[in-house]
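Here is a short briefing to read alongside the sequence and the 3D view.

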Amino acid sequence: MTTKTATETKEQLSFKDFKSEVLNDYKIARISRECSILGRREVLTGKAKFGIFGGGKEVPQLAMAKAFKNGDFRSGYYRDQTFMMAIGELTAKQFFAGLYAHTNLELEPMSAGRQMGGHFATHSIDDKGNWKDLTSQKNSSSDISPTAAQMPRLLGLAHASKTYRNIDELKGFTKFSNQGNEVAWGTIGNASTSEGVFFETINAAGVLQVPMVMSVWDDEYGISVHAKHQTTKESISEILKGFQRENGSNGYEIFVINGWDYVQLIDVYNKAGQIAREEHVPVLIHVKELTQPQGHSTSGSHERYKDKERLQWEQDFDCVVKMREWILDFQLEDSEGNILRFIDSEEELINLEKEAKKEVVAAKRNAWNDFTDEIKNEALTLNNILERVAQKSSNSSFIVKLKDDLAAIVEPIRKDVLVAARKSLRFIKDETFVEKSHLQKYITSFTEDAYQKYSSHLTSETELATINIQKEAPVYSTQKNFVDARIIMRDNFEALLKKYPEVLIFGEDAGFIGDVNQGLEGLQEKFGEDRVFDTGIREATIIGQGIGMAMRGLRPIAEIQYLDYLLYALQIISDDLATLRYRTFGKQKAPLIIRTRGHRLEGIWHAGSPMGGIINNVRGIHVLVPRNMTKAAGFYNTLLHSDDPALVIECLNGYRLKEELPLNLGEFKTPIGVVETIKEGTDITLLSYGSTLKIAHQAARELAEVGITVELIDAQSLLPFDKNHDVVNSIEKTNRLLIVDEDLPGGASAYLLQEIIENQNAYQFLDSKPQTLTAKEHRTAYGTDGDYFSKPSAEDIFEKVYEMMHEVNPEKYKSLY
């Protein structure tokens, strides 16, 4: 009888574990591939609308998953299904639920059907909006489709780890970080590296030296366009060689690896994770020789643009095929001369593959049944109602047809159900019987339920929502203390930095010199470079930095120097920040505060007020337009008590104006969604905001000299606007409305007009046509005269109001011209 030594026993056990891990990985790869294959079929048969899959990228994603730890974050794109399966955050059934757009969050946890399949997310907050323990789970920030738009957010997710490691006051924030040891893992297709935000992020991460691992999945194509049209030298790692770190310099560690080499991929990803985690050095992994066996998406076939040689190569070097070959060929001799293999015969592997396929087919079937059964039950309920309605109605034949047509649809969607219900109601509009009320209640209930399924969670719906934060007035000394308004801003920020260790303020010139208008003067010196700091000139990644940090429990205030420059970052704000809570069905949040300054100055590039363009692109973010620095400071105080993202636009010409210094800095709060009446009057309601309010106030005083009393109202916030409907209450008294705005015609003034006339129903109180007074259609010409002739002046406002009053009483207010 032979006995094994402890070393030999450990060796055998280690191989047993290794074998189990390899075969489990291969099964995950096969399940993922089968999901891609069947997913494509579901789209082509019409069961799903669109499909974009991760076929051909399975093996490197398995390797990435092995280096991915609890507390880490992923910021990737729609090819990463294998990775999500490997970390245990996506099942085959959930994959298909996403493909079918199932609105049940329990069954489709990525977005409850709001995003197309392939957009992955984990849950960071609970139903009350409170943070979960992010260090005890593997995290994926919610994906978005716009090309390379996952990059700016990635920077912030990585920078958060550096922040948690460096700031002692944050050591107790254990839900969000374990001493800054978390890595942010990014993924992107090779063609998308052509986007500007990719390079902007890569450069910023190199400067900051943050723990970020960036994987580029390289299959040589971007849709149908070959890499030779995408990238210099056809290689992103070649052109980024200058970023390779050297002794005494910052930079990257760069790896290049073939995407079908399972063993080498695991080694590289473990090394990359260790470097980023321990040294806080960014890493680039260029994963080459990948394939895309089903083409870019279900909207086209790659046979249209790949030649026969390339298609054959893709079959031969498919990463799943290569992994299979390696498993079949693998053998290892142990210390006793035994040959160790993963499988004894290919039949074992065939059985594993059959099992994987069987699991996916069952998952697809069950996901489809769950999706359709829910709607079929809704349709059945309606059919029962319509049957009873038809028995009472004189138009029964029409209703029966609608009922039968709905019943004939084998797999109805909710649109089919509600269309039948609403059309049926038309046929009984002149009839009265109890069954009619049942139909009406069904439609109302169905519509309300649809709102929750498709329209909820645009902003916070928890107790932490900004609209729930009550006003707290500034407190002043009995001895008035007027200071430059910038002092109020500076001292209020100082109070906030003392009160909230998680608050960070950063942007161009925000650190060393204390911002261009000295609103942060001296704060870097007091609180350190990790809390108040400068950035490069890179607006998109300033915002992305803020998004990622806010997603990890920090409260960043990201500064964009001028409102005009916000346009550089508008895509990231619109596509990522503004949609985050909505697209995750309220399961992720990023309460980022964006600070900027704008409105009246001089010149095309520094005097912009493109509010119409902004508010129509950033629904999901509060847009706040304070008229002075006290109001602005109050907004910051309010926002830090809540969990909604916001854009605060300070008045560029207001920093040197005198305001009274409050005593309760950091505490007083400007309410959001509430207007303020600045001056009462009875002849006309004049609504404005920001810097124009000062000019409107001047015009109101001059109008009083000719017997016209203006009720002047400050909008204060555009999104949301006037939740108490105070403007319509004013119009009920004055019966006239003028909106004055320095945006272009049809911009914010048109938005406000619709809010007041249509949503607040002010039309019923108007005796005159409601009017707007805006800037000219062009941008502001340079110089004081350029401002005067480009934007509304006090004289413009005076004459517009006077003209409206002339129409009312031409005898009293004789025409000026």
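Is threonine 163 buried or exposed? Threonine 163 is buried, because its relative accessible area is 2%, where buried means under 20%, exposed over 50% and partly exposed in between, with a 1.4 Å probe and protein chains only. Please keep in mind that this is a predicted model, in which local features need pLDDT of at least 70 and side-chain atom pairs count only at pLDDT 80 or more, while totals for chains, interfaces and linings use all residues. Residues are numbered from 1 along each chain as its sequence is written, and side-chain values use heavy atoms, with hydrogens and water left out.

**The whole protein**
- The protein has 26 helices and 24 strands; these are DSSP runs numbered from the N terminus, helices being H or I with at least four residues and strands E with at least two.
- Its radius of gyration is 31 Å, close to the 28 Å from the globule rule for 817 residues, so the protein is as compact as a globular protein of that length. The radius is taken over C-alpha atoms, and the rule is 2.2 Å times the number of residues to the power 0.38.
- Along the principal axes, the C-alpha atoms fill a box of roughly 115 × 85 × 50 Å.
- Of the 817 residues, 59% count as buried.

**Around threonine 163**
- Threonine 163 sits in helix H5 (residues 150-166).
- Beyond its neighbours within four places in sequence, threonine 163 is in contact with Leu170, Leu504, Met549 and Leu554, contact meaning heavy atoms within 4.5 Å.
- Between the C-alpha atoms of threonine 163 and valine 417 there are 52 Å, and the two residues are 254 residues apart along the chain.

**Helix H13**
- The buried residues of H13 are Arg414, Val417, Leu418, Ala420, Ala421 and Ser424. They lie on the same side of H13, because they cover an arc of only 155° around the axis, judged by the directions from the helix axis to the C-beta atoms.
- Helices H11 (346-392), H12 (396-408) and H14 (434-454) are among the elements that cover these buried residues.
- On the face turned away from the buried side are the exposed residues Lys415, Arg422 and Arg426.

**Cysteines**
- There are zero disulfides, counting pairs of cysteine sulfur atoms within 2.5 Å.
- Cysteine 35 is in no disulfide, and the nearest cysteine sulfur, that of cysteine 319, is 15 Å away.
- Cysteine 35 counts as buried at 0% relative accessibility, and cysteine 651 is buried with a relative accessible area of 3%.
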